[in-house]
Amino acid sequence: MIKEELQGLISDRSARIGVIGLGYVGLPLIVEFCLKGFESVGFEVDEAKTAEINAGRSYIVDVTSENVKKCVDEGKLIATTDFTRLNACDVIIICVPTPLRKTKDPDMSYILTAGGEIQKYMRHGQLIILESTTYPGTTDEVLLPMFEEKGFNLDEDFLIAFSPERVDPGNPQYQTHNIPKVVGGVSADSTEVSAMLYGTIVDQVHAVSSARVAEAAKLWENTFRAINIGMANEMAKLCNALGIDTWEVVRAAATKPFGFMPFYPGPGIGGHCIPLDPHYLSWKARQHGFDSQFISLAEQVNSTMPNYVVELATNALNDERKAVNGSKILILGVAYKKDIDDMRESPALSIIDLLRADGADVYYHDPFVPVVTFDHAYTIGEAEPLYNKEMTDDLIRDSDCVIICTEHSGVDYGRICELASLIVDTRNALSAETRNGSNARIVRL
Ligand SMILES: NC(=O)c1ccc[n+]([C@@H]2O[C@H](COP(=O)([O-])OP(=O)(O)OC[C@H]3O[C@@H](n4cnc5c(N)ncnc54)[C@H](O)[C@@H]3O)[C@@H](O)[C@H]2O)c1
């Protein structure tokens, strides 16, 4: 029986683990398996990444190079672009991107390509797990038939499950091992073996009755965040209109020990998950004749935030008899969130673009991001790339406006307050104490 075969391999750590896609999700995951004694092969299409890993270097903020080197030196980890080696793996975990098409429909091409590679090289006895975030039904409607087409039977020749990834890049408290893992198999055996596998690397596994439940749970989690951030953004605009300090309000509300969970406003949502994942759910819902109104509303509110930040900056400059056209604007922090280098869907891109379209001279400082490119299809201003500027006193002093888009920790906000004339703080990066000692005019979200 395939279930017992795989359970035996997992319990004595002789199961060979293959991970397809070594990005923010796949690299931490494979390193965790190697550190627990499993021999693992990472499959990548990007040769630069395989070269880095095989040289013992990490390119992901939450994975140390020491750990990568240790795994490589001990012969536990190897990265490759050779997919024929999938055949030798007992477990294959798919961690490829799931972006949206321009029409905001799911782009399944990466999952299909990874599934196609598995289909080519699969053999009897393998467990296949999808971790990429996707709509409910993907595992059993899209992947399962690909493997059955090859003549393999579920539970007799292979097992298949979905287990969503919940990694929070840059979060030092919660990392792979202490984030509970939800697992849902297409069959009971698939669930059982997958739960056993993840039990070797995480403290807590929560098994559910199907892959669809696990797929839906992940989308519920991220849709919950998108909607609550949307509400926080609307509350920020509302408080602003009423002349009330948004941040003081949310701090006060958060003292309630039950029934309230604080979410914070910001310049817009970014990253590979929150702006995208709810669309996977609403797309699938539409196919069943259901219109998910909360998702649309949250998207509407969240997508106005970059324009709102530009409006705040424009009005503040106007108060000083300055136009955006010709103003020098320093964007502080361009990554989509604090202390990481990820630029995907970062709202700073839209803010820079809108300001450049209005004629501003825009530059940025971000210790994590050396260059920002504007090659996406929606650029309306100049498409010239920008390069990280060193944050000298002159740079701050000569800027007509400083917009804090991302509140990285290593930045000396006291110095900004001392030298800048106008600051738009979209993240509450400036503490009351820093603001009190400031010479600058400060506009807050
Ligand atoms: N980044 C996060 O915080 C996060 C959190 C939870 C879930 N997720 C989900 O996990 C999935 C992966 O996200 P990520 O952030 O790791 O993406 P990523 O872009 O950082 O990594 C994906 C990797 O897959 C590689 N790749 C693409 N096609 C491939 C193929 N056919 N074969 C092998 N490798 C291939 C890419 O080169 C890249 O290195 C997505 O579905 C995402 O929604 C991401």
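This is a predicted model: local features need pLDDT of at least 70, side-chain atom pairs count only at pLDDT 80 or more; totals for chains, interfaces and linings use all residues.
How do the residues of the shell around the ligand divide into nonpolar, polar and charged?

The shell divides into 14 nonpolar, seven polar and five charged residues. In total, 26 residues surround the ligand. The closest are Val25, Glu44, Lys49, Thr98 and Thr133.

Three of these names come with distances. Thr98 has an N or O atom in its side chain that is 2.5 Å from an oxygen atom of the ligand. For Lys49, a polar side-chain atom lies 2.7 Å from a ligand oxygen. With Val25 the backbone takes part: one of its N or O atoms is 2.9 Å from an oxygen atom of the ligand. As for cover, the ligand on its own has 830 Å² of accessible area, and the protein covers 92% of that.

Now to the loops. Where is Thr406 placed? Look at the loop that runs between strand S13 (401-404) and helix H15 (413-419). Is Thr406 buried or exposed? Its relative accessible area is 2%, and buried means under 20%, so Thr406 is buried.

Which residues does Thr406 touch? Leaving out residues up to four places away in sequence, Thr406 touches Leu332, Gly333, Val334, Ala335, Lys337, Lys338, Tyr413 and Arg427.

The last two residues are about backbone angles. Most residues other than glycine have a negative phi. Arg321 has a positive value, with phi near 60°, and is not a glycine. You will find Arg321 in the loop between helix H12 (305-319) and strand S9 (328-332). Why does Arg321 count as exposed? Because its relative accessibility is 81%, and exposed means over 50%.

Asn428 is also not a glycine, and its phi is positive, about 55°. Asn428 sits in the loop between strand S14 (422-425) and helix H16 (432-436). At 24% relative accessibility, Asn428 falls between the two cut-offs, 20% and 50%, and therefore counts as partly exposed.

Conventions: Residues are numbered from 1 along each chain as its sequence is written. Side-chain values use heavy atoms; hydrogens and water are left out. Helices (H or I, at least four residues) and strands (E, at least two) are DSSP runs, numbered from the N terminus. Buried means under 20% relative accessible area, exposed over 50%, partly exposed in between (1.4 Å probe, protein chains only). A residue is near a molecule or strand if one of its heavy atoms lies within 4 Å of it. A polar contact is a pair of N or O atoms within 3.5 Å; within protein, one must be able to donate a hydrogen and the other to accept it, and residues adjacent in sequence count only if both atoms are side-chain atoms. Accessible areas come from the Shrake-Rupley method with a 1.4 Å probe; for residues, only the protein chains shown count as cover. Ala, Val, Leu, Ile, Met, Phe, Trp, Tyr, Cys and Pro count as nonpolar, Asp, Glu, Lys and Arg as charged, and the others, Gly among them, as polar. Contact means heavy atoms within 4.5 Å.
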